[in-house]
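Me: I would like a close look at a single part of this model. Please keep it brisk.

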Amino acid sequence: MTITSACAHDTATTLLDDAAGPPYSVRDSVDQFGGLEFDYDPFRSPAALAEKSSLVVTGTIDRVQEGRVQIVPKNENAAGVSTIVLVLRDAKEVLGSVDDGNDGFVYIELPNPGQQEPGAYSDGLRTGSDVVAYLLPASDGAPAEGVDIAIADPVAGRPDGQALYVPTAPQALILQHQDEAVVWPLIGEKRDGRIEDTLPGGKLIAP
C-alpha cells in the first residue's frame, strides 16, 4: 500500500535539493557515516532481515531533519548527543503497516556522527534517492532503571503524533541514486545491482 503524503515541510527541515547540489557520487553515500563501528551478527539474506523487522518499506528520500537528543539524566554536565531523522516520501509498505494517522511520510532516526547539522547529509543522503528500509519502532527514550541514557524530548524529530522508526540492523538501510550502485550507508558498503533485489525474496545484501 502506498502511504499518501499531504503535509508541508517543517521549518526546521533541511531540504536536500538534487538540482542545487554537486553531481552525485556513490562515494559520498558510502562515506556518509564514516567512523561508526557496529558490533553485530550480519544477516545473510533480506528475508532473514525481514523476519526481525516490524515494518519494511520502499520510498524516496525527501529530506533530512534534526532528530532527538540523547542525554545522561544523572550527569547534567554531560553533553547531549543529537540524532538525525531521514524522511521518506512516496513510501510503500512491503511488510507490516504504518500507524493510523500517518501523515504520508516515514520518519527514520539515524545516528549523527560528528554531531553535524542536517545539511551535512545532503550529498550522501541525496534527495530523490530510492530507499529500502527494514524498521523497528524507536524507543520512547524514557529514563529506565539500569540505563544511563535517556531522550531529552521523546516526541522530537517528527510532527506531533507521527511514529518514529529505527533501522532493524546496520544492514537495514539501503539506497540507490538513479542507476548508480546500491549502497548500505550505515556500514559503508556498496554493490552493483538493483535496489529491488534487497527486498524480501531478493538475494542482494551486504555483510
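What volume does the largest pocket have? Please describe its lining too.

Reply: This is a predicted model, where local features need pLDDT of at least 70, side-chain atom pairs count only at pLDDT 80 or more, and totals for chains, interfaces and linings use all residues. Residues are numbered from 1 along each chain as its sequence is written, and side-chain values use heavy atoms, with hydrogens and water left out.

The largest pocket has a volume of about 320 Å³. A pocket here is an open set of points on a 1 Å grid over the protein atoms alone, where a 1.4 Å probe fits, with protein on both sides within 12 Å along at least five of seven lines. A volume is the space filled by probe spheres set on the points, which are joined across faces, edges and corners.

The lining holds 20 residues; a lining residue has an atom within 4 Å of a point. Nearest the centre lie Arg68, Gln70, Thr83, Glu109 and Val166. By class, 14 lining residues are nonpolar, four polar and two charged. Nonpolar covers Ala, Val, Leu, Ile, Met, Phe, Trp, Tyr, Cys and Pro; charged covers Asp, Glu, Lys and Arg; the others, Gly among them, are polar.

Strands E2, E4 (106–111), E6 (150–151) and E7 (164–167) each supply at least two lining residues. E4 gives the most, with three. Strands are DSSP runs of at least two residues, numbered from the N terminus.

Two of these strands also meet E5 (residues 130–137). E2 pairs with E5 in the antiparallel sense over six bridges; pairing takes at least two DSSP bridges. E7 and E5 are also antiparallel, over three bridges. There, Pro137 has Tyr165 in E7 as its bridge partner.

Definitions and conventions. Helix = DSSP H or I, 4+ residues; strand = E, 2+ residues; numbered from the N terminus.
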